[in-house]
Amino acid sequence: MSEPVQTPQTFTPRIFSGIQPSGGLTLGNYLGALKRFVEKQDEGIETIYCLVDMHAITVWQDPEKLRQQTREGAAAFIAAGIDPARSILFNQSQVTAHAELGWIFNCVARMGWMSRMTQFKDKAGKNSENVSLGLFAYPALMAADILAYKATHVPVGEDQKQHLELTRDIAIKFNNDYKVNFFPVTEPVIEGAATRVMSLRDGSKKMSKSDPSDQSRINLTDDADAISAKIRKAKTDPEPLPETLDGLKDRPEARNLVNIYAALSGQSAESVVAEFAGAQFGTFKPRLAELAVAKLSPITTEMNRLMRDPAEIDRILGRGAEQAEAIARPILNDVYDIVGMIRSRQV
Ligand code: TYM
């Protein structure tokens, strides 16, 4: 291609999403992301899923643990229902198009846009002089992950909304600057009963793999006893469950447990409240624990089985990377052309 693409394009639906292998996955990752990745795959849309190891190293990662967590993440995807024959599953660093497009987007994104990213401000805290440059540039690499495949839809939890708005801004600015209609303006897909699962110890904080308290989260590696104990000890209030969702307005911990129940059982939060109206937490928590164990234990068991053969996981990631590369490389070649880079190397 020598002339930039001028004609309007329509973009075929394609889903991309990623998870950082920066720690074990939590119930938040499962309900907000993984479970929905499987639903999208099963709807028959083209799906590309990635363990974003290059994002993970924006904060320090022990190399051996990073390798282990990347394999464990892949095992979690497969155990949760991602089928490598129907979805592309790989780790980011094996497809260099991400880093290459990430650089180009570093030159499209503006310092002001990046400085407004709340996740950067939260992670950097008072330490912003001392965090990596990669942590600041993180959302531009995320835009590259998505747009290297011209992905049209990105299923994520609520906390990624701002990053996806930035991805849209980058796509629009690139298209405008180069007078092309090359990148789609990607739609975030934030849906379901648990787009923001909260900590079991504090209803104002997101459930997170980096929370210092293990009691705050359910890990996908927790066994049945650990899951039950954490739900039994989850912070609540002394009131029974109300008749309608309105009654949970100022009760974030209670609302969180209802949302978790709803997402695990595939119901709406309204119908969970209707079912348990007037029940005390002494009744509700054991039912939630039973449901969580029934849904999560098979995944944990399958993850453990898959982890016994790390070479097979590596083979799956390698095959996925080859398929991902086959989509991203021609797109990246067009990008180089549009930007004005000479590509004359003989291979
Ligand atoms: P990460 O690794 O923090 O989380 C992975 C996915 O899990 C969702 N999630 C939650 N959903 C509900 N409740 C929670 N408590 C919760 N915690 C996490 C996240 O919203 C996310 O969907 N920047 C991304 C990774 C990324 C990415 C991408 C995502 C890199 N490139 C391209 C989509 C597309 C992140 O840190 O997710």
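This is a predicted model: local features need pLDDT of at least 70, side-chain atom pairs count only at pLDDT 80 or more; totals for chains, interfaces and linings use all residues.

1. The chain is assigned two parts: domain 1 covers 14-193 + 309-339, and domain 2 covers 214-305.

2. Taken over C-alpha atoms, the centres of domain 1 and domain 2 lie 29 Å apart. Contact between the two involves 14 residues of domain 1 and 16 residues of domain 2.

3. About 1300 Å² is buried between domain 1 and domain 2, and carbon and sulfur atoms contribute 76% of this area. On the side of domain 1, Leu 27, Ala 79 and Ala 193 account for 41% of the area buried against domain 2, more than any other three residues. The number of salt bridges between domain 1 and domain 2 is zero.

4. Two cavities of 30 Å³ or more are present in the structure. The largest cavity has a volume of about 60 Å³. Its lining consists of Met 117, Gln 119, Phe 120, Lys 123, Leu 135, Tyr 138, Pro 139 and His 163. Helix H6 (118-124) and helix H7 (133-147) each provide at least two of the lining residues. By class, the lining of the largest cavity comprises five nonpolar, two polar and one charged residues.

5. The second largest cavity holds about 50 Å³ of space. Among the residues that line the second largest cavity are Pro 21, Leu 25, Glu 72 and Met 303. Helix H3 (residues 63-80) gives the most to this lining, with four residues. The lining of the second largest cavity divides into four nonpolar, four polar and one charged residues.

How values were computed. Residues are numbered from 1 along each chain as its sequence is written. Side-chain values use heavy atoms; hydrogens and water are left out. On a 1 Å grid over the protein atoms alone, a cavity is a set of points where a 1.4 Å probe fits but cannot get out, and a pocket is an open set with protein on both sides within 12 Å along at least five of seven lines; lining residues have an atom within 4 Å of a point. Grid points are joined across faces, edges and corners, and a volume is the space filled by probe spheres set on the points. Ala, Val, Leu, Ile, Met, Phe, Trp, Tyr, Cys and Pro count as nonpolar, Asp, Glu, Lys and Arg as charged, and the others, Gly among them, as polar. Domain bounds come from an automatic or database domain assignment. Contact means heavy atoms within 4.5 Å. Buried area is the accessible area (1.4 Å probe) that two parts lose on being put together, summed over both. A salt bridge is a side-chain nitrogen of Lys or Arg within 4 Å of a carboxyl oxygen of Asp or Glu.
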